[in-house]
Amino acid sequence: MARVKKPAFVYKGVRPLADIIAVPLSAACRKRGFATLDLVAHWPDIVGPAYAETTAPDQLTWPRRPKGLIDEEEHEPAVLTVRCSGAAAMRLTLEAPQLIERINTFFGYRLVGRLKPLQLPPVKVGPRPRPRLAQLSPEAETKVRTLAAGIADDGLKAAVERLGRAVSGDSRGRR
(Lines give C-alpha, C1' and ligand atoms only; values in the text may rest on other atoms or scores of the structure.)
Protein backbone atom coordinates (compact mmCIF):
# COMPACT_ATOMS: atom_id res chain seq x y z
CA MET A 1 0.00 0.00 0.00
CA ALA A 2 1.43 3.37 -1.03
CA ARG A 3 1.65 6.13 1.51
CA VAL A 4 0.20 9.49 0.61
CA LYS A 5 2.51 12.38 1.41
CA LYS A 6 1.04 15.20 3.39
CA PRO A 7 1.73 18.61 1.80
CA ALA A 8 4.30 20.76 3.63
CA PHE A 9 2.02 23.79 3.70
CA VAL A 10 -1.75 23.93 3.69
CA TYR A 11 -3.42 27.27 2.97
CA LYS A 12 -5.93 28.00 5.71
CA GLY A 13 -7.05 31.42 4.55
CA VAL A 14 -6.10 34.86 5.77
CA ARG A 15 -4.69 34.86 9.31
CA PRO A 16 -3.77 37.80 11.55
CA LEU A 17 -0.08 38.61 11.72
CA ALA A 18 -0.17 38.21 15.49
CA ASP A 19 -1.06 34.52 15.08
CA ILE A 20 1.82 33.92 12.67
CA ILE A 21 4.53 35.76 14.61
CA ALA A 22 3.41 34.79 18.12
CA VAL A 23 5.41 31.55 18.28
CA PRO A 24 8.85 32.98 17.33
CA LEU A 25 8.35 36.12 19.42
CA SER A 26 7.17 34.26 22.48
CA ALA A 27 10.21 31.96 22.25
CA ALA A 28 12.50 35.00 22.14
CA CYS A 29 10.67 36.60 25.08
CA ARG A 30 10.90 33.42 27.15
CA LYS A 31 14.68 33.57 26.84
CA ARG A 32 14.50 36.98 28.53
CA GLY A 33 12.16 35.70 31.27
CA PHE A 34 8.88 37.11 29.90
CA ALA A 35 6.03 34.61 29.76
CA THR A 36 4.06 36.83 27.38
CA LEU A 37 4.68 39.92 25.28
CA ASP A 38 2.32 42.05 27.39
CA LEU A 39 4.93 43.82 29.50
CA VAL A 40 7.07 44.71 26.49
CA ALA A 41 4.13 45.66 24.25
CA HIS A 42 2.30 47.78 26.83
CA TRP A 43 5.34 49.33 28.52
CA PRO A 44 4.53 52.96 27.52
CA ASP A 45 0.96 52.52 28.81
CA ILE A 46 2.15 51.03 32.10
CA VAL A 47 4.90 53.50 33.03
CA GLY A 48 3.44 56.62 31.44
CA PRO A 49 4.97 59.31 29.24
CA ALA A 50 7.70 60.21 31.76
CA TYR A 51 9.46 56.85 31.29
CA ALA A 52 8.14 55.71 27.90
CA GLU A 53 10.96 57.30 25.86
CA THR A 54 13.89 56.75 28.24
CA THR A 55 13.26 53.22 29.56
CA ALA A 56 12.48 49.74 28.25
CA PRO A 57 12.04 46.36 29.99
CA ASP A 58 15.06 44.14 29.38
CA GLN A 59 14.76 40.98 31.44
CA LEU A 60 12.54 39.38 34.05
CA THR A 61 14.49 37.22 36.52
CA TRP A 62 12.51 34.74 38.59
CA PRO A 63 13.83 33.37 41.89
CA ARG A 64 14.58 29.66 42.09
CA ARG A 65 11.67 27.57 43.30
CA PRO A 66 12.06 25.06 46.06
CA LYS A 67 11.23 21.46 45.21
CA GLY A 68 7.65 20.38 45.74
CA LEU A 69 4.34 22.12 45.32
CA ILE A 70 4.21 25.86 45.87
CA ASP A 71 1.11 27.51 47.26
CA GLU A 72 -0.15 30.83 45.94
CA GLU A 73 0.85 32.50 49.22
CA GLU A 74 4.47 31.40 48.70
CA HIS A 75 4.75 33.06 45.28
CA GLU A 76 7.91 35.19 45.09
CA PRO A 77 7.85 38.08 42.60
CA ALA A 78 10.45 38.55 39.90
CA VAL A 79 13.19 41.15 39.48
CA LEU A 80 12.63 43.35 36.42
CA THR A 81 15.78 44.66 34.75
CA VAL A 82 15.00 47.95 33.00
CA ARG A 83 17.23 49.52 30.35
CA CYS A 84 17.43 53.26 30.86
CA SER A 85 19.57 56.30 30.25
CA GLY A 86 21.72 57.67 33.09
CA ALA A 87 19.33 60.38 34.24
CA ALA A 88 16.34 58.06 34.01
CA ALA A 89 18.17 55.45 36.13
CA MET A 90 18.36 57.84 39.07
CA ARG A 91 14.70 58.81 38.72
CA LEU A 92 13.73 55.14 38.27
CA THR A 93 15.49 54.22 41.51
CA LEU A 94 13.66 56.93 43.42
CA GLU A 95 10.23 56.12 41.98
CA ALA A 96 10.61 52.32 41.92
CA PRO A 97 7.78 51.58 44.40
CA GLN A 98 5.25 53.52 42.30
CA LEU A 99 6.38 51.82 39.07
CA ILE A 100 6.26 48.36 40.69
CA GLU A 101 2.74 49.11 41.84
CA ARG A 102 1.73 50.20 38.31
CA ILE A 103 3.17 47.03 36.76
CA ASN A 104 1.53 44.76 39.31
CA THR A 105 -1.81 46.58 38.95
CA PHE A 106 -1.64 46.13 35.18
CA PHE A 107 -1.19 42.36 35.52
CA GLY A 108 -3.51 41.91 38.49
CA TYR A 109 -1.05 40.03 40.68
CA ARG A 110 2.37 40.55 42.24
CA LEU A 111 4.59 40.01 39.19
CA VAL A 112 7.49 42.34 40.02
CA GLY A 113 9.01 42.76 43.45
CA ARG A 114 12.08 44.83 42.59
CA LEU A 115 13.36 46.99 39.72
CA LYS A 116 17.00 46.80 38.68
CA PRO A 117 18.13 49.70 36.46
CA LEU A 118 20.59 48.89 33.69
CA GLN A 119 22.29 51.95 32.23
CA LEU A 120 22.11 51.12 28.54
CA PRO A 121 20.18 53.04 25.92
CA PRO A 122 16.69 51.57 25.56
CA VAL A 123 16.00 49.65 22.35
CA LYS A 124 13.43 51.51 20.30
CA VAL A 125 10.69 49.41 18.77
CA GLY A 126 8.82 50.86 15.86
CA PRO A 127 9.25 52.12 12.34
CA ARG A 128 12.53 53.72 11.44
CA PRO A 129 12.39 57.36 10.39
CA ARG A 130 12.53 57.94 6.67
CA PRO A 131 15.90 59.17 5.43
CA ARG A 132 16.08 62.75 4.22
CA LEU A 133 16.75 63.08 0.54
CA ALA A 134 19.41 65.42 -0.76
CA GLN A 135 18.37 68.50 -2.72
CA LEU A 136 18.14 67.90 -6.46
CA SER A 137 20.00 70.10 -8.86
CA PRO A 138 17.86 71.88 -11.47
CA GLU A 139 19.33 69.61 -14.18
CA ALA A 140 18.35 66.46 -12.28
CA GLU A 141 14.84 67.84 -11.66
CA THR A 142 14.32 68.56 -15.37
CA LYS A 143 15.68 65.11 -16.27
CA VAL A 144 13.15 63.44 -13.93
CA ARG A 145 10.29 65.46 -15.42
CA THR A 146 11.30 64.71 -19.02
CA LEU A 147 11.57 60.98 -18.32
CA ALA A 148 8.07 60.93 -16.78
CA ALA A 149 6.53 63.24 -19.41
CA GLY A 150 5.42 60.39 -21.70
CA ILE A 151 3.12 58.83 -19.08
CA ALA A 152 -0.58 59.59 -19.63
CA ASP A 153 -1.98 58.54 -16.22
CA ASP A 154 -1.54 61.39 -13.72
CA GLY A 155 -1.27 59.14 -10.64
CA LEU A 156 1.34 56.92 -12.25
CA LYS A 157 3.22 59.96 -13.55
CA ALA A 158 3.39 61.49 -10.05
CA ALA A 159 4.59 58.17 -8.59
CA VAL A 160 7.33 57.85 -11.23
CA GLU A 161 8.43 61.44 -10.56
CA ARG A 162 8.64 60.73 -6.80
CA LEU A 163 10.67 57.61 -7.52
CA GLY A 164 12.97 59.53 -9.84
CA ARG A 165 13.53 62.24 -7.23
CA ALA A 166 14.23 59.60 -4.58
CA VAL A 167 16.77 57.80 -6.77
CA SER A 168 18.43 61.00 -8.02
CA GLY A 169 18.45 62.66 -4.60
CA ASP A 170 19.76 59.69 -2.61
CA SER A 171 21.78 61.18 0.24
CA ARG A 172 23.92 58.06 0.74
CA GLY A 173 25.98 58.77 -2.35
CA ARG A 174 24.70 55.95 -4.59
CA ARG A 175 24.01 57.59 -7.93
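Colleague: Is T81 buried or exposed, and why?

Modeller: T81 has 7% relative accessibility, so T81 counts as buried. The cut-off for buried is under 20% relative accessible area. Keep in mind that this is a predicted model.

Colleague: Where in the fold is T81?

Modeller: T81 lies in strand β2, which covers residues 78-84.

Colleague: Which residues does T81 touch, leaving out those up to four places away in sequence?

Modeller: T81 touches A56, P57, D58, Q59, K116 and L118.

Colleague: Now the whole chain. How many helices and strands does the protein chain have?

Modeller: The count is 8 helices and 3 strands. Along the sequence they run α-α-α-α-β-β-α-α-β-α-α.

Colleague: What share of the residues in the protein chain is buried?

Modeller: Of the 175 residues, 25% are buried. The accessible surface comes to about 13,900 Å². Carbon and sulfur atoms hold 58% of that surface.

Colleague: How many aromatic pairs are found in the whole structure?

Modeller: The search finds 1 aromatic pair. The ring centres of F106 and F107 are 5.1 Å apart and the planes stand at 85°, so this pair is edge-to-face. Planes over 60 degrees apart count as edge-to-face.

Colleague: What sits over the ring of Y51?

Modeller: The charged end of R91 does, 4.6 Å from the ring centre.

Terms used
Residues are numbered from 1 along each chain as its sequence is written. This is a predicted model: local features need pLDDT of at least 70, side-chain atom pairs count only at pLDDT 80 or more; totals for chains, interfaces and linings use all residues. Side-chain values use heavy atoms; hydrogens and water are left out. Helices (H or I, at least four residues) and strands (E, at least two) are DSSP runs, numbered from the N terminus. Buried means under 20% relative accessible area, exposed over 50%, partly exposed in between (1.4 Å probe, protein chains only). Accessible areas come from the Shrake-Rupley method with a 1.4 Å probe; for residues, only the protein chains shown count as cover. Contact means heavy atoms within 4.5 Å. Rings of Phe, Tyr and Trp (its six-membered ring) pair if their centres lie within 6.5 Å; planes under 30 degrees apart count as stacked, over 60 as edge-to-face and the rest as tilted. A charge sits over a ring if NZ of Lys or CZ of Arg is within 6 Å of the ring centre and within 35 degrees of the ring normal.
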